[in-house]
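Please open the structure in your viewer and keep the selection panel at hand.

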Amino acid sequence: MTDLARATSLLTIDVDAIVANWRRIASLIAPAEAAAVVKANCYGLGVAHIAPALFAAGCRSFFVACLDEGIQLRKILPGGMIYVLSGPVGGAESEFAAHNLIPVLNSLAQITGWSAFAKAGSAAPASALHLDTGMTRLGLDEAELDRLAAKPNVLASVRPILAMSHLACADDDTSPKNNEQLATFRRLSGRLPAMPLSLSASGGIFLGRAFRFDMARPGAALYGLNPIPGRPNPMTQVLRLQGKILQIRDVDSPMTVGYGASHRVARRGRIATVAIGYADGWFRSLSNRGHGVIGGIKVPLVGRVSMDLTTFDVTDVPEALAHPGALIDLIGPNIPVDDVAAMAGTIGYEVLTALGRRHHRRWLSRATEGKPA
Ligand SMILES: *Cc1c(COP(=O)(O)O)cnc(C)c1O
């Protein structure tokens with residue numbers, strides 16, 4: 001409790017809601033498997049708390065971005081399949097094997113490297129193959145796939161257990177690119193020996209059954225972001241970010257607020273100074289744009305967001321609610337992450353992964369009631 005009293009900002013992560021979001025997707029796509037994308041520390045929300053809860057709920061396949069994330073996750077999850085999206089870089093094959101990590105092989109060079117490593121006799125784990133169907137980022141293109149298919153023993157030696165691709169426009173169900181990539185994925189994967197296939201992340205899951213194949217790889221949807229922008233969010237919000245009011249100022253015209261004097265006070269009122277700034281991942285582009293909520297009342301963000309502080313016009317909030325020490329909601333049930341992102345001119349993914357290290361963090365779950373790591 002004293003911890004809470006000392007905190008200047010508070011981030012509460014509802015692990016049970018994340019698990020519920022995973023279960024919802026798992027039952028929606030069954031019998032296809034629901035993996036969980038837990039890269040970037042579960043999009044900033046705390047992989048050490050979330051991955052074990054997903055595993056306990058039955059999730060068995062996890063995706064991270066890079067080797068270090070894989071090694072960290074392996075310590076947390078002795079069981080479970082861990083796929084590393086970047087694949088082995090700079091001769092790291094033996095480290096993949098040592099930690100039982102499944103590399104996603106994105107290029108012929110990575111395939112050759114894994115093949116040589118596996119043939120050298122070490123107990124190399126299986127691998128996944130990434131096919132580029134139109135993202136033009138990672139993966140084998142059609143010509144490279146043809147060269148690989150012409151060397152069946154190289155292909156066999158990397159022991160592929162999954163062929164995957166990634167959609168460029170899955171958040172827009174009117175984009176013709178989705179069906180193009182679907183057709184390309186079918187055609188390219190058809191040149192490989194039969195193996196489980198995976199095309200969709202959060203958005204693709206909602207494009208329909210044809211996009212689900214044997215496994216889907218949701219990330220954002222687990223963390224409450226809307227996988228179908230423009231329609232009601234089928235996922236549950238998992239986050240609450242609260243900033244503490246440090247000071248209340250009585251103001252009147254012609255005063256100005258903050259750097260650049262960008263907010264001019266128009267009437268007698270009150271300004272609350274809150275202990276969150278862009279160093280906490282509260283975007284500077286929210287200056288004079290966003291809002292918070294206190295006691296169910298929307299309070300406009302006024303003036304510039306600075307490194308450690310943000311100011312809100314709390315004139316319309318009773319003094320009993322807006323006082324030094326009171327908490328103001330910046331993200332929460334009434335302010336979804338996606339809305340904050342829209343106000344900041346970015347996407348929910350960036351808001352989540354930017355969430356700062358200074359917030360006092362709490363993870364809510366029945367198993368570990370409020371216990372911080
Ligand atoms: C990040 C990522 C995902 C998860 O995407 P979401 O949109 O967060 O569901 C899935 N697959 C790949 C290859 C990724 O890079």
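A crossing is termed left-handed if the near helix is turned anticlockwise from the far one by less than a right angle, and right-handed if clockwise. The model is a predicted one, in which local features need pLDDT of at least 70 and side-chain atom pairs count only at pLDDT 80 or more, while totals for chains, interfaces and linings use all residues. Residues are numbered from 1 along each chain as its sequence is written, and side-chain values use heavy atoms, with hydrogens and water left out.

**First stop: α4 and α5**

Select helix α5 (residues 67-76) together with α4; their axes come within 10 Å and cross at roughly 60°. Axes here are lines fitted to C-alpha atoms, for helices over the stretch in contact, and angles run from 0 to 180 degrees between N-to-C directions. Helices (H or I, at least four residues) and strands (E, at least two) are DSSP runs, numbered from the N terminus. The angle makes α4 oblique to α5; angles under 35 degrees count as roughly parallel, over 145 as roughly antiparallel, 65 to 115 as roughly perpendicular and the rest as oblique. The crossing of α4 and α5 is right-handed.

Now display the side chains at this contact (heavy atoms within 4.5 Å). From α4 come Val47, Ala48, Ala51 and Pro52, and from α5 come Gln72, Leu73 and Ile76. By class, the contact of α4 with α5 comprises 6 nonpolar, 1 polar and no charged residues. In this scheme Ala, Val, Leu, Ile, Met, Phe, Trp, Tyr, Cys and Pro count as nonpolar, Asp, Glu, Lys and Arg as charged, and the others, Gly among them, as polar.

**Second stop: α2 and α4**

Val15, Ile18, Val19 and Trp22 of α2 meet His49, Ile50, Ala53 and Leu54 of α4. The contact of α2 with α4 has 7 nonpolar residues, 1 polar and no charged.

Select Ala30 and Pro31, whose connecting peptide bond is cis, with omega near 10°. Pro31 belongs to the loop between α2 and β2 (33-34). Proceed to Asn41 in helix α3 (residues 39-43); its phi is near 60°, a positive value in a residue other than glycine.

At Gly219, a backbone N or O atom lies 2.8 Å from an oxygen atom of the ligand.

Definitions and conventions
A polar contact is a pair of N or O atoms within 3.5 Å; within protein, one must be able to donate a hydrogen and the other to accept it, and residues adjacent in sequence count only if both atoms are side-chain atoms.
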